[in-house]
Amino acid sequence: MSIVNVGIIMNGVTGRMGTNQHLIRSIVAIREQGGVACKNGVVIMPDPILVGRNEEKLKTLASKHNINRWSTNLDECLSDEQNIIYFDAQTTVRRAEAIRKAIKAGKHIYCEKPTAVGLDESLELASLAYKAGVKNGVVQDKLFLPGILKLKRLVDSGFFGKILSVRMEFGYWVFEGDWQEAQRPSWNYRKEDGGGIISDMFAHWRYVLDNLFGNVRAVSCIGATHIQKRVDEEDEIFTATAEDAAYATFELDGGIIVQANSSWAVRVNRDDLLTIQVDGTEGSAVAGLRDCKTQHRVNTPKPVWNPDIANQISFLDQWQEMPTNDVYDNGFKVQWELFLKHIVLDEEFPWDLLEGAKGTQLSDLGQESWKERRWVDVPELTIGGTVNGEKVKAAKS
């Protein structure tokens, strides 16, 4: 057995996602299990250094999880050859500048999404990483959720026949912060700080739709700021400048139509915080974060519209739960393990900065559609690779 220690700069881990999903449930969990065991006898052991602006928070977090490296000086961490990966979980407005530094320092890049505040900057980062020859990846965690994996199995098996449409419902009520503490940080509701549900969630919907059903080709979107006043972490009332809901329709390859509602101002009356219903000629399915239920054409009831008599059909009873035949680990941790294998063993990792740029692109086009009140086409993005033996640069085609 050969142990390979991998130094990882983890910037922004004192935030909600950085602490819970990336540090505790991913990197710390991997260390506690003894590293990432590979088939060739290699064990990859992450060696994180926690980076941020608050010294006290970093010291406390490091001590609590038996991590002996932390710093408030990113430049020093980037100059240390022990650290070969730079990971960024900062707020979106801070991400691009730090990634540029990390690329210039020759570090491999792994980061949260959105990768930048706009498409041009996201493409710039992808191009810089390509030109520098550093490996890079973007968190696309929802692909590894049990419910989504079950849905992907149905797609791959041909269960649906021809897929016709997809309906996505996401969201919950985020408290305003006055009589009950808000579940999300206040910057989410300030456009000037990178907030807004379109930039937050469309990056997710892009990779989910592209990977499960087909590439997104067009978007129609309207946003709304339903809750105008909120209370921040200092108990100060502020005016929300970013949208807290978005109602979108996407057109995919093959004419598949997707309706996607995203809202932090909705009360949940469904099976999960995210539900995805897929309807096809041969069957339908509804997936949540963990579960998935199906209805084949032979089990489909035959309702007849008649509002004058009581409904005779128990529609919910006509669905069958998919069994959980696999063991599902935390999705963030699974993708971290794949990225570490990509760095050390050069195994495939398709979720790179260009894929992250596609998410930013859809967010930008969603905003454009809302502003101009029209359908907007989604152009193909390319970067690197070759055409007739010649290298091509990042471009919007």
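1. F170 and W205 form an edge-to-face pair because their ring centres are 5.7 Å apart and their planes stand at 70°; planes over 60 degrees apart count as edge-to-face, under 30 as stacked and the rest as tilted. This pair links distant parts of the chain, with F170 in strand β8 (residues 163-171) and W205 in helix α7 (residues 197-212), 35 residues apart. Helices (H or I, at least four residues) and strands (E, at least two) are DSSP runs, numbered from the N terminus.

2. This is a predicted model: local features need pLDDT of at least 70 and side-chain atom pairs count only at pLDDT 80 or more, while totals for chains, interfaces and linings use all residues. Residues are numbered from 1 along each chain as its sequence is written, and side-chain values use heavy atoms, with hydrogens and water left out.

3. W205 is buried at a relative accessible area of 1%, and F170 counts as buried at 10%. Buried means under 20% relative accessible area, exposed over 50% and partly exposed in between (1.4 Å probe, protein chains only).

4. The rings of F202 and F250 have centres 5.5 Å apart and planes at 75°, so this pair is edge-to-face. F202 lies in helix α7 and F250 in strand β12 (residues 245-252), so the pair ties together parts 48 residues apart in sequence. Both F202 and F250 are buried.

5. Ring pairs also link F87, Y110, F144, W336, F339, F349 and W351 into a cluster.

6. Helix α1 (residues 16-32) packs against helix α8 (residues 331-345) at about 60°, with axes 9 Å apart. Axes are lines fitted to C-alpha atoms, for helices over the stretch in contact, and angles run from 0 to 180 degrees between N-to-C directions. α1 and α8 are therefore oblique to each other; under 35 degrees counts as roughly parallel, over 145 as roughly antiparallel, 65 to 115 as roughly perpendicular and the rest as oblique.

7. The peptide bond from K113 to P114 is cis, with omega near 0°. P114 lies in the loop between β6 (108-111) and α5 (119-132).

8. D235, not a glycine, has a positive phi of about 60°. D235 lies in the loop between β10 (229-231) and β11 (237-239) and counts as exposed at 62% relative accessibility.

Methods: Rings of Phe, Tyr and Trp (its six-membered ring) pair if their centres lie within 6.5 Å; planes under 30 degrees apart count as stacked, over 60 as edge-to-face and the rest as tilted.
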